[in-house]
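I opened a new notebook page for this structure. My entries below keep the order in which I looked things up.

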Amino acid sequence: MDMVLEADRLGKRYGSTWALRDCSLHLPAGRIAALVGPNGAGKSTLLHLAVGLLKPTEGTVRVFGRSPYGDTDGLADIGFVAQDTPLYRDFTASELVIAGGKLNKRWDAGLARKRLAQLGIPPDKPVGKLSGGQRAQVALALALAKQPRLLLLDEPVASLDPLARREFLQSLMGSVAESGTTVLLSSHLLADLERVCDYLIVLNASQVQLTGAVDDLVAEHRQLVGPRHDGGVIGGVTAVIRASHTDRQTTLLVRTDGPVTDPAWTIREVSLEDVVLAYLADGTTQTSHSEWGVAA
Amino acid sequence: MIWLTWRQHRKQAFFTVLALAALAAMLVPIGLSMRHTFSDLGLADCARQLADTNVTAATREACDAGFRRFGNQYSSLNLVAVLLVSLPVLVGLFWGAPLVAREVEHGTHRFVWTQGVGRTRWALVKFGLVGAAVLVLAAVYGLGMSWWVDPLTQAAYEGRLGMIVFDLQGIAPIGYTLFAVALGIFAGTMWKRMLPAMGITLAGFIGVRAAVEILARPHYQPARTQTFPIEGEGPPEVSRGDWILTQGVRNPDGTMIAEDTRIQCPPGGKAPDGRVCGAELGLEPGAYNWQLYQPADRFWLFQGIETGIFVALALLLLYLAVRRVRRIA
């Protein structure tokens, strides 16, 4: 399969804190991938590394087989919309389209204008005076005018109201469906992206917790409910992601590689959200207990 | 890139030109009237005649009187000159410091550096264009100031090499302005917020300028010494426009008796009580006035060295700023 984005043991350290560490992942071409994780998990760092704004501290990241840091030619293939959709606020949307044309060799100004016209964005108003949703649309239109093969969006809908969120994602899906552009968009809420993505990367505490196609992930995970369990091997289960116990009963969220045949367990299918929450709940709190000097 | 730079800074450029025009509208009439008075008093001839060491005492007195009159009328403008010295740092604060810091503060660096133009090229074009505009600005300012301050410097005993007036004219303002802007840009890449960057620029500019002015400039060339007797006809033959670094009165064995002063007595002059001139200070017979100075004709050499130092510092800072830009995310 063609890989658009490959990271191998990628790490980025600021001072003594690792924003991202030991991150290995592959993003196949043509996917709409969601990068999910709580705030501070390293999502922006990963995107900045992918677009070449940051230099890796360790490991490698490759986009279309090239290392993006300092690679100006490679930038032409990557569309990037940073968090809070920064644009020159005193520029009008129309001037921003001109600016994009001056800054890029490949630039479809007509496409940008058409999009902005369809969305009803006023061309002669400074973008600083547009609503957050309109500004996000302008930023998206500029990113798409580059005709990128990979589109990276950092929290594109975080600051939008629910209606604008839906419109933004709809217009995004509409335009990448035709071009076959690979999209990686981050959010701290899976719910925002669940309907549009077909690939998932879960980041937590600067590490990749889970990565894979949404269908596979849902198919591989099961919830098992049964009598209290002491942690022994269960046939067909490769990993227990989360376990909760009562006096007599144990509930497990597990990753499977085949059918669970033990009749003691009741098997339930899980939603994508259950899977993500199980992975996010795992492994976040150990360090802070020791830092605060209290028992876990 | 050029279009983008112009679009981003046109408003700023407009206001800068406006401010410069307002300043010119204020200073040109003053300068004209100053020059008018200067020539009415015949001081242009005086300046030429006084440069000649064989000038007669009568001419010297007449000219000194003229310079005094001119000084009485216009010396308060020296205060204005002090204010004008601060113009380069203003350019550094408002053009240099925000150049990178503003982009980072508004997050727009993530927009512009991820387009098809690499950020090194972005930095080079932007720094280059702003630098060129500032160069023109500084040249206009330096030439204008040279013209404006010329009568004041000729009237002042110390001449063009003196503090403040040296900094106002010639090519030195170009060096200062480029340095201020480069310092602002560099501070912006280090602190990445406009206000801290501006603060650092202000402090850094004042610090470096003061250090160079006080510590380095007197030593650009070995200073000359001059001695002359304390008894003699008329004022000592010190040429106008020399920059006197230190002076004092020394005994024949070389010990300094009185610093920062000079003594002039008529030949064979005695105090009313019959003591020899200067005896109350402990002067022995044969004591002489002594001074360490930089001669007036070194003005352009000193201008060149001063400008060279600041241009070199500016280039170093710009180089560091370009390197820093590659590491900002």
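Among contacts in chain B between residues at least 6 apart in sequence, what share joins residues at least 24 apart? I found 80%, with two residues in contact if their C-beta atoms, placed from the backbone, lie within 7 Å.

Before going on, I noted that this is a predicted model, in which local features need pLDDT of at least 70, side-chain atom pairs count only at pLDDT 80 or more, and totals for chains, interfaces and linings use all residues. Residues are numbered from 1 along each chain as its sequence is written, while chains are lettered from A and ligands numbered from 1 in the order in which they are written.

**Entry: chain B overall.** I counted 11 helices and 4 strands in chain B; helices (H or I, at least four residues) and strands (E, at least two) are DSSP runs, numbered from the N terminus. Along the principal axes, the C-alpha atoms of chain B fill a box of roughly 90 × 45 × 30 Å. Of the 329 residues in chain B, 33% are buried. A residue is buried if 20 or more other C-beta atoms lie within 10 Å of its own, exposed if 12 or fewer, and partly exposed in between, with C-beta atoms placed from the backbone.

**Entry: annotated spans.** The unreviewed UniProt entry gives "transmembrane region" for several spans of chain B, including residues 12-32 and 299-322. UniProt positions are in the numbering used here, feature names are shortened, and annotations may be inferred rather than shown by experiment. I checked residues 12-32 of chain B and found 100% helix, with the end C-alpha atoms 30 Å apart. Residues 299-322 of chain B are also 100% helix, and their end C-alpha atoms are 34 Å apart. For chain A, an unreviewed UniProt entry lists "domain: ABC transporter" at residues 5-230. I read that span as 34% helix and 30% strand.

**Entry: where the chains meet.** How many residues of chain B are in contact with chain A? I found 18, and they meet 20 residues of chain A. On the chain B side, α1(B) gives the largest share, 4 residues. That side divides into 8 nonpolar, 8 polar and 2 charged residues. Here Ala, Val, Leu, Ile, Met, Phe, Trp, Tyr, Cys and Pro count as nonpolar, Asp, Glu, Lys and Arg as charged, and the others, Gly among them, as polar.

Entry: B:L143 is in helix α7 (residues 119-155) of chain B. I list B:L143 as partly exposed because 15 other C-beta atoms lie within 10 Å. B:L143 and B:P173 are 30 residues apart in sequence, and their C-alpha atoms are 9.2 Å apart in space.

Most residues other than glycine have a negative phi. B:K192 has a positive phi, near 65°, and is in the loop between α9 (172-191) and α10 (194-216) of chain B. B:D260 also has a positive phi, near 55°, and lies in the loop between β3 (256-259) and β4 (288-294) of chain B. Why is B:D260 listed as exposed? B:D260 is exposed because it has 9 other C-beta atoms within 10 Å.
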